[in-house]
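This briefing is for a reader who is new to the structure shown below.

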Amino acid sequence: MASMNPLDAAARVRTLRALARAGVISPVAAEAGARRLRGDAAWRAWAARTLLVVGTPLVLAGILFFFAYNWSGLSRGAKLALTQAGLIGCVVAAAAQRADRLGARLGLLAAMVMVGVCLAVFGQAYQTGADAYELFLGWALLITGWVILADWTGAWLLWLGLWNTALVLYWNQVLSVGRAWADGWLFTILAVLNGVALAITELNQRRHESSPRRRWFPELLWAATLTAVTIPLFAVITGLSHDPPIPWFGLWLMGVVSGYVVYRVFIFDMPALALTCGSVAVIVAAALGRAMLPGGDVGIWLVYCLMLVGLVAALVGVLRWLGRPGGSEHPGQSS
Amino acid sequence: MKADTPSLGTLLDELEAAGLVDATSRARVAAHLDSGEAKTATPLYLRLTIGLGAWLTGFCFLVVLGLGGIFDHRGAGGMLGGGMMGFAALVLRWREAGVFLRQLGFTMAVAGDLLLVFAAGDLAQGNLLGMALAQTVISLVAYPLLPSFGLRFALPLAAVAMVVAWCQEGGHQPFLHLLAALEWAMLLWLFRRGPRPALLEPLAAAVAVMLPATVVLIDLGGGLLGEWRRWLFGADLGPALSSLPTKVISAGALGWLAIRWSGRPAVWLIRQSWFLLVVVLMFGLAWLAMSGVLVALGLLALGFDEDAPVLSGLGWAFLALFLGLDYYALNTTLVVKSGLLAGTGTLATLGSWALRRREQRSFTEEPT
């Protein structure tokens, strides 16, 4: 476990200023500390990082646009050779640096993007009438090895985004063509996909508890999963979909209950709990609106407004109660 | 390349050695951070929930009032709006108010503000300048009276949005440069080093959003925004707006930040080769790119200096937006565009490499 002594944590400018605001140290001391943290070396490191993060995509975009300009004049072989040379260049740039450096990671990410560009070029050069989902599916499959080796959140995000896109396209271009399958099933599959990714991420984070926890990625995955289980029920309630409500209610209930239990009992995470409670509030508001508003007069609208205020107030109250100091068994894990 | 960041304990030791904190400060800081007192600030997810809820229910209340015919009697609507704002001020200032009452207060403030502005618009016969002045007065009066981060954040933004709408509608686009200069001045004043009073925190956040938003309109004045303006206001576009004044203002503001942050006299700074490089880059950017790129870079630098991830995130988002707009606004062929992109990217990457090399060299040359 990481040390719990707050003085062992890395000094932050915002911590010093918060301490000054609270009167624990003087503003002069806080500013002297801030100047120490924001010295010439820190600024140079920041500038180097910023220039790299800005420069890499600009170079890639420039190369892409150059080929776009000359595209029609190039032969098939030249097109494929150029894109693959770009791919190899990115891999070489990544391999030339230490694996944990930002430059190596950005280089590998660029190589992963170039795989997709190569596939798109191949598809354009040799048109077979294949569906677009195959591009994304092939792309995701081909970069899987790199993603595992890189073990970097940015790479995992790209990989999952490709799987989600491939699934949505496969549903629209193959599965649902000529069949009366409810769109809710697509959201169910997306929920399962993102939910499995979330479970693996959480298990992985629990296995490496000593390393610093970055909660934004699992929180993003939970947002995707929760959105996928909420949309079908919301659509049924608001009349956008005419499916029977029971399966989607069951799916949603399973999602919010499991989310609440996991993030309240096992991994205390307030933003994830806030998302879960938000989903409940959205469904309750939609159900109230459906029951009260059609044909309602001013009085009904007023009552609905007051109920909405009450609902938001209840949501805020629940979140405050959940997030109160000592409200979790693992307060140190709250993000 | 990673700058060496000391632990909080080590930093306090250094400050103690310099005579800036006393021997008991370590224990006091540890006790304060352990007590949870430092964590009492309302978390972002809660602020978002409260804010979104207030706007949603505020608009629902407006629907109710609209159904009740209040908009047929704007004078009555204005008085009701004033009453609602007063109610909101009372509720939000009452320390014992529960969550429901506070939420109702937020809602009333939003709906009341809109009713007041509509009433002012009615009095001014739809003149946007009148509405903008009314919103500015409301914001100035309500800001200190409504103790809520969300409302204090939204009120200055609402006033600036109305002023911008007036500039767009009436063909007063040059005023946008004045607005941008004012916003830069506020940004530099609010983000000067040192603890900021809690009262000014929402204003600082609002200014960090309103400056790039204003500059978007300046950069696109008479260009891509033309169709939008024609659709929204039916106004004659007039001559295209030059963004040069805001570019000069933005480059000057960044130069001033560099001088201030270096903590050294401007004369010393001017003699440094790296500073000259920064100046050349700034003027290059000001010449080639949109002024928004400079503003986004300013936000990124402020975000780093303030150790504020939200400000940095805002800077990155606006940088991506302005670079994208820059690409579309370049009135040239794709091959020139690609050359500019690749050339700028190569320069940036080379700059990063040079900085790393310099850092490594100074590390190895440092006497042990």
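His177(B) counts as buried, because its relative accessibility is 10%, under the 20% cut-off. The model is a predicted one. His177(B) belongs to helix H8 of chain B, which spans residues 175-190, and its side chain makes a polar contact of 2.7 Å with the side chain of Thr246(B).

**Other buried residues**

- Leu217(B) is located in helix H9 of chain B.
- With a relative accessibility of 13%, Leu217(B) is also classed as buried.
- Leu217(B) and Leu176(B) are 41 residues apart along the chain, and their C-alpha atoms are 8.2 Å apart.
- Glu202(A) sits in helix H8 of chain A, residues 184-207.
- The relative accessible area of Glu202(A) is 7%, so this charged residue is buried.
- Leaving aside residues up to four places away in sequence, Glu202(A) is in contact with Arg215(A), Pro218(A), Tyr263(A) and Ile267(A).

**Nonpolar cores**

- The largest nonpolar core is made up of 161 residues, and those with the most contacts inside it are Ile143(A), Leu319(A), Leu146(B), Trp184(B) and Leu187(B).
- Helix H9 of chain B, residues 201-220, gives this core its largest share, 12 residues.
- Leu146(B) touches, among others, Met85(B), Ala88(B), Leu92(B), Ala109(B) and Leu155(B), with residues up to four places away in sequence not counted.

**Interface of chain B and chain A**

- On the chain B side 73 residues are in contact with 74 residues of chain A.
- The two chains bury about 6900 Å² between them, and 74% of this is on carbon and sulfur atoms.
- Within chain B, the residues that lose the most area to chain A are Tyr45(B), Phe304(B) and Asp307(B), which together account for 11% of what that side buries.
- Between the chains, 12 residue pairs are in polar contact, counting pairs with both residues at pLDDT 80 or more.
- Helices that give two or more residues to the chain B side include H1 (8-17), H3 (44-67), H5 (99-123) and H15 (309-329).
- H16(B) provides the largest share of that side, 16 residues.
- By type, the chain B side consists of 40 nonpolar, 18 polar and 15 charged residues.

**Salt bridges**

- The whole structure has 10 salt bridges over all chains, and five are found across the interface of chain B and chain A.
- Arg17(A) and Glu31(A) form a salt bridge with an N to O distance of 3.1 Å.
- Arg17(A) is in helix H1 of chain A and Glu31(A) in helix H2 of chain A, so this pair ties together parts 14 residues apart in sequence.
- Both partners are buried: Arg17(A) has a relative accessible area of 5%, and Glu31(A) has a relative accessibility of 11%.
- A salt bridge joins Arg36(A) to Glu14(B), with the closest N and O atoms 2.8 Å apart.
- That pair crosses between chains, from helix H2 of chain A to helix H1 of chain B.
- Arg12(A) and Asp307(B) meet in a salt bridge of 2.6 Å, N to O.
- Asp22(B) and Arg28(B) are joined by a salt bridge of 3.0 Å, N to O.
- Asp22(B) is partly exposed at 41%, as is Arg28(B) at 35%.
- Arg12(A), Arg14(A) and Asp307(B) are linked into one network by salt bridges that share partners.

Note on methods. Residues are numbered from 1 along each chain as its sequence is written. Chains are lettered from A and ligands numbered from 1 in the order in which they are written. This is a predicted model: local features need pLDDT of at least 70, side-chain atom pairs count only at pLDDT 80 or more; totals for chains, interfaces and linings use all residues. Side-chain values use heavy atoms; hydrogens and water are left out. Contact means heavy atoms within 4.5 Å. Buried area is the accessible area (1.4 Å probe) that two parts lose on being put together, summed over both. A salt bridge is a side-chain nitrogen of Lys or Arg within 4 Å of a carboxyl oxygen of Asp or Glu. A polar contact is a pair of N or O atoms within 3.5 Å; within protein, one must be able to donate a hydrogen and the other to accept it, and residues adjacent in sequence count only if both atoms are side-chain atoms. Helices (H or I, at least four residues) and strands (E, at least two) are DSSP runs, numbered from the N terminus. Buried means under 20% relative accessible area, exposed over 50%, partly exposed in between (1.4 Å probe, protein chains only). A nonpolar core is a set of buried Ala, Val, Leu, Ile, Met, Phe, Trp, Tyr and Cys residues joined through side-chain atoms within 4.5 Å.
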